[in-house]
Amino acid sequence: MESDVVIVGGGLTGLSLARRLDEAHIDYVLLEARDRFGGRILSQASDNSSHPNVRHDLGPSWIWPGQPRIERLVREFNLRPFQQYSEGTLVYEEADGSVRRDFNYSTMAGSLRIGCGVASITDAIVDVLDRQKLLLSHTVTRIARNKGSFRLTATTVNGEETIRARHVVVAAPPRVVESTMTFDPPLPGDVVKALRAVPTWMAGQAKLVAIYDQPFWRNMGLNGDGISRRGPLVEIHDATPASGEMGALFGFVGIPVGLQQRERSSLIDSALPQLEAMYGQKASNPVDIIVKDWANDRFTATTHDKDGSGHPQLATPVSIAGLVDEGLMFATSEMGPQFGGLLEGALEASEAVARRILAADIDPVWT
Ligand SMILES: Cc1cc2nc3c(=O)[nH]c(=O)nc-3n(C[C@H](O)[C@H](O)[C@H](O)COP(=O)(O)OP(=O)(O)OC[C@H]3O[C@@H](n4cnc5c(N)ncnc54)[C@H](O)[C@@H]3O)c2cc1C
């Protein structure tokens with residue numbers, strides 16, 4: 001297979017870049033390791049809920065005012081943003097288990113959620129692209145450079161595939177790239193160091209979503225926000241869909257990251273009494289619980305991310321940028337200069353790379 005540009009990674013950065021190339025009539029192929037698009041964006045329905053069409057965000061939940069690119073995208077695709085619920089008080093749990101419910105504060109007031117989940121954004125982009133150019137279950141393992149062209153090796157369900165390209169945009173988390181892909185010739189030492197130094201935003205997190213028939217805490221005058229010094233959930237928010245037809249709370253898990261599957265049941269066993277203590281008896285009886293441990297997901301996190309990750313405020317590190325002249329580019333949300341780590345940062349990063357590719361004046365046909 002040949003293409004002018006190969007994009008490695010089908011998260012928001014890779015998909016939004018694909019869209020830009022598509023609009024500019026530039027030949028591209030996108031290779032995504034997982035069997036789904038979206039990367040860290042993941043909106044999942046509950047198997048046990050009587051509302052199978054409601055999807056719960058296990059990755060990002062919010063966009064904020066002042067993020068022009070994502071706002072534009074949401075408007076363009078008519079994705080029905082709605083305000084994070086913020087009426088009422090916050091629940092605070094001390095380390096000794098005592099609970100206060102009288103804090104008149106909402107931690108996420110003013111932020112916006114997306115009807116049908118944040119994955120509606122990536123779904124909408126996929127829908128306007130040529131599906132034949134978007135290849136799922138293609139894990140890139142090797143990128144070889146030779147005289148201005150590249151040979152990529154990808155593992156697929158049918159064995160290995162080779163793809164030739166003139167430009168490669170690696171839109172996978174820099175640490176994942178550094179620890180799982182081989183480069184030939186090897187990347188210079190300072191580039192390897194720079195890739196490893198970029199923390200993947202939220203990669204060390206796990207999220208637990210508890211789904212209920214009703215957002216019952218709202219009738220108790222609570223906005224759903226919870227802060228706990230005791231855990232296992234350390235920060236909790238209302239995750240109810242816009243319609244309010246059912247309720248959901250989500251919490252970030254504060255116990256050591258890298259939660260193993262076998263610990264899932266003990267996490268739930270300890271989260272339920274905590275939810276009951278904070279939100280009342282109904283909270284101990286959810287219709288379903290979904291847990292997503294990002295720290296244990298090899299296409300997002302590496303061992304370096306397991307001790308937590310600071311919020312990257314990074315532009316592309318200089319040594320990485322130096323490879324651009326050779327046609328090898330790196331772009332993820334971490335490299336958004338103003339909104340590093342966020343959805344808006346992914347759009348910033350893809351915009352910058354698209355600008356470079358367009359400036360490279362690629363012939364419309366591979367020769
Ligand atoms: C729990 C959580 C909560 C968050 N909350 C928010 C929020 O509320 N608001 C916000 O703005 N941001 C939030 N974020 C951050 C946001 O999700 C990311 O900034 C954004 O989704 C990153 O997009 P990306 O395309 O740059 O990277 P990714 O989504 O990581 O995409 C990279 C892609 O590369 C693929 N890949 C990896 N290795 C290979 C390989 N070898 N071959 C081929 N493909 C490969 C991956 O499978 C993935 O699809 C959150 C993230 C998490 C995890």
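Residue numbers start at 1 in each chain and follow the sequence as written. Because the model is predicted, local features need pLDDT of at least 70 and side-chain atom pairs count only at pLDDT 80 or more, while totals for chains, interfaces and linings use all residues.

The protein chain contains eight helices and 19 strands. Both are DSSP runs, numbered from the N terminus: helices are H or I with at least four residues, strands are E with at least two. The radius of gyration is 21 Å, close to the 21 Å that the globule rule gives for 367 residues, so the chain is as compact as a globular protein of that length. That radius is taken over C-alpha atoms, and the globule rule is 2.2 Å times the number of residues to the power 0.38. The C-alpha trace spans about 65 × 40 × 40 Å along its principal axes. Buried residues account for 47% of the 367 residues. A residue is buried if 20 or more other C-beta atoms lie within 10 Å of its own, exposed if 12 or fewer, and partly exposed in between; C-beta atoms are placed from the backbone. Of the contacts between residues at least 6 apart in sequence, 69% join residues at least 24 apart. Two residues are in contact if their C-beta atoms, placed from the backbone, lie within 7 Å.

The largest nonpolar core holds 92 residues. Such a core is a set of buried Ala, Val, Leu, Ile, Met, Phe, Trp, Tyr and Cys residues joined through C-beta atoms within 7 Å. Val6, Ile7, Val8, Val168 and Val169 touch the most other members. Helix H8 supplies the largest share of this core, seven residues. Beyond four places in sequence, Val8 touches Leu31, Val140, Val168, Val169, Val170, Ala171 and Ala172.

Two strands pair if DSSP finds at least two bridges between them. Ala144 has Arg151 in S11 as its bridge partner. S10 and S11 form a hairpin with two residues between them, and Lys147 in the turn has a positive phi of about 45 degrees. S11 in turn pairs with strand S12 (residues 159-170), again antiparallel over seven bridges. Thr155 is bridged to Glu160 in S12. Two residues link S11 to S12 in a hairpin.

Most residues other than glycine have a negative phi, and most peptide bonds are trans. Several sites depart from this pattern. Asp184 and Pro185 are joined by a cis peptide bond, with omega about 0 degrees. Pro185 sits in the loop between strand S13 (182-184) and helix H5 (189-197). The bond from Gly231 to Pro232 is cis, with omega near 10 degrees. Pro232 lies in the loop between strand S15 (222-228) and strand S16 (233-238). Ser137 has a positive phi near 55 degrees. Its place is the loop between strand S9 (134-135) and S10. Ser137 counts as partly exposed, with 15 C-beta neighbours inside 10 Å. Met202 has a positive phi near 70 degrees and is found in the loop between H5 and strand S14 (206-212). Met202 counts as buried, with 21 C-beta neighbours inside 10 Å.

Leu134, in S9, is buried, with 21 other C-beta atoms within 10 Å. Leu134 and Leu15 are 119 residues apart in sequence and 8.9 Å apart in space, C-alpha to C-alpha. Ser228, in S15, is buried, with 22 other C-beta atoms within 10 Å. Beyond four places in sequence, Ser228 touches Glu93, Leu233, Val234 and Gln274.
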